[in-house]
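Good morning, and thank you for making time for this presentation. Please look at the sequence and the structure as they come up.

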Amino acid sequence: MTDVAIRTTALRKTYTGGKGPVPAVNGLDLEVRPGEFFGLLGPNGAGKSTTMGMLTTRIAPTGGSATVAGFDVAKNPVDVRQRIGVVTQANTMDRAVNLLENLEFRGRFFGMSGKESRRRAMELFEEFGLAEVATRLDDHVSGGQSKRAMVCRALMHRPDVLFLDEPTAAIDPQARRRLWELLRGLNAAGQTVLLTTHHLEEAEELCDRVAIVDHGKVLACDTVDGIKASAGADSVITVTFDGPAQPAREAAGKLTGVRRVEADGTDLRVHAAAPADGLLGELIATGRGHGLAVRNAATLPPSLETAFLNLTGREYRE
Ligand SMILES: Nc1ncnc2c1ncn2[C@@H]1O[C@H](COP(=O)(O)OP(=O)(O)OP(=O)(O)O)[C@@H](O)[C@H]1O
C-alpha cells in the first residue's frame, strides 16, 4: 500500500433537500497511516457516516478530494472498492443463505475459487469464534455473532482498509468487549482500520489516533492522550442549583484551580485543573452565598468527554 492509507483534502458534502442545503461534511482534512486504528469520533449528526460514505464510494463528494489506498474515491471508485472492506451500521447479511454462504459469495465476487473462498471463510470463522455457527442463518445467531460475521465477510478479500461504522451500536456490553478484542487482534496483525463511533469509551479502548468531528469539520486530531493534553481536558464539575446559576458564576470563577465557568440555566459547569479535590464543597458554599441550594452535582474526571466539552463548549450526548 502507499504511505498514506486515507487522505482527505477539504472534503465536502452538501446535501440539497427540501429544507435547503445541509453542509454535512464541511472541509474535512484527514490523514490515516497504514496500520493505524483510527477513530472518527463525534456526536450524532457530526458527519461521520457521510464521511464514511464518501470514503467507501457510496456517496459522491460535492467538494475537495479523498484517496483510499492511493486511489481517488471520485475518479477511481472501482479500485477503491477492491481494496476496502466495509461493515455498515445496518445488518446487511443475506438472510436467505447461511453465514458461510454469505462469505463464500463474497469471496467468489472478488474472484476467488469456490474452494479458496470456503477455506478463507472458515479461517476467518475460526479466528472470530464462529466456526460452530457457520451453517446457521443470520436470524439464528446472536446480534454479536451476526456483527462478527459481517466483519469476517468484509475481510474475505484481505482489504487494505477496513471501515467500521458504529460496529458495536446495537450489541450488548459483553459482545461489544469480545468484538473489541478481536478488532484489536486484527489491527495488531497489521490491518488498517477506520472506525466511526460516538462511544468515547470505544475510541479510547481501540484507537491509536482519533479525529474529533463536529459540524462536518475536524476539531482535533491526535492520540487520545494528545487530545486530552492539548484540549486541556480538565475535570468538569457540574452543579445543578434550584434556581438560575448565573449569579454564582463570577464568584466560582475566582476559586483556586478553576479555569473556566459556564452558567447554563440552573447548571454551573466548572472546568478545573485536575485533581479538583475540595472544589465541589467550595462551589456548594458559593451557591449558598447567592441564595442557591444544590439539587445535583457530578464530577467528570479528565477524559475525551471533558476534552470534547472544552473543544465545543457543549456536552457530548450519545
Ligand atoms: N441524505 C441526506 N439528506 C439530507 N441531509 C442528510 C442526509 N444524510 C445525512 N444528512 C444530514 O447531514 C448531517 C450529518 O449526518 P451524518 O449521518 O453524516 O452524521 P453522523 O455523525 O454519522 O451521525 P450519526 O451518528 O447519527 O449517524 C446531519 O445533519 C444529517 O441530518
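Predicted model: local features only at pLDDT ≥ 70, side-chain atom pairs only at ≥ 80, totals over all residues.

In which helix is G143 found? G143 is found in helix 5; helices here are DSSP runs of H or I of at least four residues, strands are runs of E of at least two, and both are numbered from the N terminus. Residues are numbered from 1 along each chain as its sequence is written.

G143 counts as partly exposed because it has 13 C-beta neighbours inside 10 Å. By this criterion, a residue with 20 or more other C-beta atoms within 10 Å of its own is buried, one with 12 or fewer is exposed, and one in between is partly exposed, with C-beta atoms placed from the backbone. Not counting residues up to four places away in sequence, G143 touches A170, I171 and A175, where contact requires C-beta atoms, placed from the backbone, within 7 Å.

Let me turn to the core. The largest nonpolar core has 80 residues, and V68, C152, V161, F163, L194 and L268 touch the most other members. Such a core is a set of buried Ala, Val, Leu, Ile, Met, Phe, Trp, Tyr and Cys residues joined through C-beta atoms within 7 Å. Helix 5 (residues 143-155) contributes the largest share of this core, six residues. Beyond its neighbours within four places in sequence, F163 is in contact with residues including M52, L55, I84 and L194.

Next, helix 4. At 1.5 Å a residue, the 14 residues of helix 4 (residues 114-127) should span 20 Å, which agrees with the 20 Å between its end C-alpha atoms; the expected span is 1.5 Å times one less than the number of residues. Which residues of helix 4 are buried? They are S117, R120, A121, L124 and F125. These cover an arc of only 135 degrees around the axis, which puts them on the same side of helix 4; the arc is that of the directions from the helix axis to the C-beta atoms. K115 and E126, on the other side of helix 4, are exposed. Helix 3 (99-109) and helix 5 are included in what covers the buried residues. Just after helix 4, G129 takes a positive phi of about 65 degrees.

Key. Contact = placed C-beta atoms within 7 Å.
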